[in-house]
Amino acid sequence: MIRSIVAGLAVIGSFAAPAFADELGSITSWEGFYAGGNVGYGWSRDDREKTTGNDFVTEANIAAGTIPSSRKLERDGVTAGGQLGYNWVFPSTSGVNLVAGVEADIAYTDSSVSNQGSFFHNVQGAYKQELDYLGTVRGRLGFASNNILVYGTGGLAYGKTGYSHDVLSNQTPPQTIWGGSQNGMQTGWAAGAGVEYALCSHWTWRGEWLHYDLGTKSVDLEGGLAKPFSLTDKYSTAGDLLRTGLNYRF
C-alpha cells in the first residue's frame, strides 16, 4: 500500500514539475476553486470497548471482574485520498488577508485493530474494530500573507466503521460460543489546523492535522452454541490524522 502511494505521488510530481519550473516565483491568488490529493498517517489512542450487562447475572460478573467491563483498542494506519474546495479572500491594507472557504474530502484509511484476551474463566474474547474510510465537509478560516496561508478548520465527519466481538471456547481449534457485529456509516465532527504554501500560481503544498470523533456504536452479542450471558458492547471511534498533499488551483 505505501509503495503504491509513493509511486502515485512520483507520477503526479513528474507531471507537475514542468509547471513548477515555468511559474516558480509567482504569487498565487488564494481565491477560487481547487482540487488535489493527500497522504498521511492516522492513529487512535482513545478508542474503547465498554461492556454492559442486560441481566442481573451478567452485571454481577462484570462487577466482580470475571467479565471485563472495558478494553482499550488502539488503531493506526496510512491514509490516502482527495479533496476539493473553494476560497473567498477579503483583502486588507495590511497585506495580511482574511481567507474563508469550504472543503470536502474523502480518504481510504488502513486503520484497524484486533485484540484477544481473557473474557470469562476459561473462554476468550476476540475484539475487532476498523475504519474503512473517512470523509469530511468542513469550513476553513485563516490568514494569507503572500504565498503562505495558515488556517483553522471544522465541520462534519463521516466514515464506514466495523465492530465485532466473538466469545471463543477453549477447544482446539476454538469455536465461537456467541458473538455480535455491526458494520455501517457513522457521522460526527472533525476539527484541526493547517498551513498551505503556494509553490507557484496554480500549485500549492499543504500540511494538516485533523481530529475526528464519530461517536459510539452498540453491538449486542447474540446466538452461538450457548448464551449464558446477555451483553451489549459500546464502541467509541475517534482519532487524529497528520497528512500532507498538493492542490491545483483553477
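So, which residues are linked in a network of salt bridges here? Quick reminder before I get to that: this is a predicted model. Okay, the network takes in Glu103, Asp105, Arg138, Arg140, Glu196, Arg206, Glu208, Arg243 and Arg249. Across the structure, the count of salt bridges is 11. Let me walk you through three of them.

Start with arginine 243 and aspartate 105, where the closest N and O atoms sit 3.4 Å apart. The arginine belongs to strand β10, residues 231–249, and the aspartate to strand β5, residues 97–120, so this bridge ties together parts that are 138 residues apart in sequence. And are these two buried or exposed? Arginine 243 is buried, at 8% relative accessible area, and aspartate 105 is buried too, at 5%.

Next up, arginine 138 with glutamate 208: here the closest N and O atoms are 3.7 Å apart. Arginine 138 is in strand β6, residues 123–145, while glutamate 208 is in strand β9, residues 203–220, so we have parts 70 residues apart in sequence being tied together. Arginine 138 comes out at 1% relative accessibility, which counts as buried, and glutamate 208 is buried at 3%.

Last one: glutamate 196 and arginine 140, with a salt bridge at 3.3 Å, N to O. That pair links distant parts of the chain again, with glutamate 196 in strand β8, residues 176–198, and arginine 140 in strand β6, 56 residues apart. Glutamate 196 is buried, with a relative accessible area of 0%, and arginine 140 counts as buried at 5%.

If you have the model open, have a look at arginine 138 and arginine 140: both belong to that network.

Note on methods
Residues are numbered from 1 along each chain as its sequence is written. This is a predicted model: local features need pLDDT of at least 70, side-chain atom pairs count only at pLDDT 80 or more; totals for chains, interfaces and linings use all residues. Side-chain values use heavy atoms; hydrogens and water are left out. A salt bridge is a side-chain nitrogen of Lys or Arg within 4 Å of a carboxyl oxygen of Asp or Glu. Helices (H or I, at least four residues) and strands (E, at least two) are DSSP runs, numbered from the N terminus. Buried means under 20% relative accessible area, exposed over 50%, partly exposed in between (1.4 Å probe, protein chains only).
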